[in-house]
Amino acid sequence: MHTPQLTLSHVTKAYPGRTVLDDVSFTLGPGEKAGLIGDNGAGKSTLLRLIAGQERPDSGEVTVSAAGGVGYLPQSVPLPPAATVQDAVDLALADLRALEAELHRAGRALEDGDDPAALAAYEALLARYEAREGYDADHRVDIALHHLGLPGLRRERPLGTLSGGERSRLALAGVLAGRPELLLLDEPTNDLDDRAVEWLEAQLRAHRGTVLAVTHDRVFLERLTTTVLEAEEGKVTRYGDGYDGYRTAKAAERRRRIQEYEEWRSELARNERLAAGHAARLGVIPRKAPLANFGHGGFRARGRAHGAMARIRNARERVQRLTADPVAPPPEPLAFTPRMAAPGAVPEGGAGAVPADLPAVHLSDVRVGDRLRLDALTLGRGGRLLVTGPNGAGKTTLLKVLAGELRPDEGTVRVPGRVGHLRQDETPWPPGLTVAEAFGLGRVGSPDEHADALLALGLFGPADLRSRVGELSYGQRRRVDLARLVTEPAGLLLLDEPTNHLSPALVEQLEEALSGYPGAIVLVTHDRSLRARFEGERLELPRREAGVQGVRVG
């Protein structure tokens, strides 16, 4: 089996109105396990499609050398609802099926006579097929489906009867079963539970070929990758030594940016002082000396004046150059602004003073249809609560009840003070709004003040502020929600899958901001790293058939 090698040389790809990849070059060698990260809309999926041959670059060259085949997992299965599970398996194993058909044709050619060339061609095809263990591929699909949570899936079943997550797992099972030399995986851990992800990680670690996976899963990156590729602003940057090496390099990059900015500020201030100081000294030098002084002293006065003028001119020119080419300050670290309910204050939407020991959350005997039953829940004013449970257990429903967005059919809900809610579903922004307008919607202040506040967070660049919200990717719209959340004071944060569609670097900033927040937090997340580092109480909601009894936290 030949070793795979992937090379991109000066690749550019643009769509109407937008350049996604701009002069991108990198190489992946044999056996590398690479993670491709970046914000939504940064071109990661486009990059995989180019490598898989699904699209062609506008310029540049993509070279793939993988005699053992290429396996490509897109984010969605490109088949109609009427197609069957078998159709999806055949699509995932397409190159192996093609090799099998070629092998059959070469076998039939041998029946026509004793042709040494035909025999050599057949033997070469057979070696390639056996190297990929093609005879067992369908059996491996069944094994993979079992580990991915779809045991006994009938091959004649229509895809339209499967959920989106089930179709993704089916496609993943097929791609892995083909044992291609080069694996291209677009968000392979989406829709997988922890056990399935651990099985997948073991399969990829044992894979002898090359892996390039688009992912937001930091645990996956830590456990699997030897290389990290970051897509940002049309470029792709390569980092060695896995995810730890990436984090170390990014920290050094931030320190360098801070140093460059401070040096620029210091140089600007120094030259401004020089210009002002020389101008002040120049003011005390006589402009015209009496004729009696036209000796050596008079020449010294004029010399000093001439030197001061030159120094002022040089300093001012330097100030002009520095201000014309400023060094951008590094983004401020994300930080949530607390607004705590003060003892003796009147709670928002309620009557009476707030006792000093009033909890941030108090629920009793709450019922919302068949979606949520909760006998009691109390969370202190600085408490932390991680809500877990299977899909459909009512996690999002609970957060909507706490936010006051959903009135329960029964029970009492007391949440004094202001609530910040980061929803799992998208905020329905009017599509014609710009990013800056969406950020400032309903807020006091001028558009310039809103733009400055948004830019200081580092979530958007100056050019992004004029983009229409309706043209943004889901992850970019998520950034607008996050920007509003961190700049609006709240005493209780409700976070529903806060890391979805955010880059790993931004997720780590978010974690750091949460660790320094003094208010209460209720968190729902599938992020393994976030759950592992969570410090606080945990509430596991059962399936809808059962209720939750007497829960008190904080």
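## Close-up views of a predicted model

View 1. His10 is partly exposed, with a relative accessible area of 48% (buried means under 20% relative accessible area, exposed over 50%, and partly exposed in between, with a 1.4 Å probe and protein chains only). This is a predicted model, where local features need pLDDT of at least 70 and side-chain atom pairs count only at pLDDT 80 or more, while totals for chains, interfaces and linings use all residues. Residues are numbered from 1 along each chain as its sequence is written, and side-chain values use heavy atoms, with hydrogens and water left out. His10 sits in strand β1 (residues 5-15); helices (H or I, at least four residues) and strands (E, at least two) are DSSP runs, numbered from the N terminus. Its phi is near 55°, a positive value in a residue other than glycine. Most residues other than glycine have a negative phi.

**View 2. Glu497, a buried counterpart in a loop.** Here too is a residue other than glycine with a positive phi, near 50°. Glu497 belongs to the loop between β15 (492-496) and α15 (504-515). Is Glu497 buried or exposed? With a relative accessible area of 3%, Glu497 is buried.

**View 3. The whole chain, for orientation.** The chain has 16 helices and 17 strands. Of its 554 residues, 44% are buried. Contact means heavy atoms within 4.5 Å. Among contacts between residues at least 6 apart in sequence, 71% join residues at least 24 apart.

**View 4. The largest nonpolar core and Leu200.** A nonpolar core is a set of buried Ala, Val, Leu, Ile, Met, Phe, Trp, Tyr and Cys residues joined through side-chain atoms within 4.5 Å. The largest one has 42 residues, and Leu170, Leu185, Leu200 and Leu204 touch the most other members. Helix α6 (residues 164-177) gives the largest share of this core, with 7 residues. Apart from this core lies another, of 37 residues, which includes Phe336, Leu422, Leu506 and Leu510. In soluble globular proteins, nonpolar side chains tend to be buried together. Back at Leu200, and leaving aside neighbours within four places in sequence, the contacts are Leu172, Leu176, Pro188, Thr189, Leu192 and Phe220.

**View 5. Arg195 on helix α7.** Arg195 lies in helix α7 (residues 194-206). Its relative accessibility is 70%, so Arg195 counts as exposed. Leu148 is 47 residues away along the chain, and the C-alpha atoms of Arg195 and Leu148 are separated by 8.3 Å.

**View 6. Val236 in strand β9.** Val236 is found in strand β9 (residues 235-240) and, at 14% relative accessibility, counts as buried. Which residues does Val236 contact, leaving aside its neighbours within four places in sequence? They are Val24, Phe26, Leu47, Leu229, Glu230 and Ala231. Asp22 is 214 residues from Val236 in sequence, yet 8.8 Å away in space, C-alpha to C-alpha.

**View 7. Strand β10 and its two partners.** Two strands pair if DSSP finds at least two bridges between them. Strand β10 (residues 361-368) and strand β11 (residues 372-379) pair in the antiparallel sense over 7 bridges, with Leu377 of β11 as the bridge partner of Leu363. These two strands form a hairpin with 3 residues between them, and Gly369 in the turn has a positive phi of about 50°. Strand β10 is also joined to strand β13 (residues 410-414) by 4 bridges, and the two run antiparallel. In β13, Thr412 is the bridge partner of Ser364.

**View 8. Strand β12 between parallel partners in pairing.** Strand β12 (residues 384-388) is mostly covered, with 4 of its 5 residues buried. It pairs in the parallel sense with strand β16 (residues 520-524) over 3 bridges, where Leu386 stands opposite Leu523. A parallel pairing of 4 bridges links β12 and strand β17 (residues 537-540), where Thr388 stands opposite Glu540.

**View 9. The lining of the second largest cavity.** Glu426, Thr427, Trp429, Tyr474, Arg477, Arg478 and Asp481 line this cavity. On a 1 Å grid over the protein atoms alone, a cavity is a set of points where a 1.4 Å probe fits but cannot get out, and lining residues have an atom within 4 Å of a point. The lining has 2 nonpolar, 1 polar and 4 charged residues, where Ala, Val, Leu, Ile, Met, Phe, Trp, Tyr, Cys and Pro count as nonpolar, Asp, Glu, Lys and Arg as charged, and the others, Gly among them, as polar.

Key
1 Å grid on protein atoms, 1.4 Å probe; cavity = no way out; pocket = protein on both sides within 12 Å on 5 of 7 lines; lining within 4 Å.
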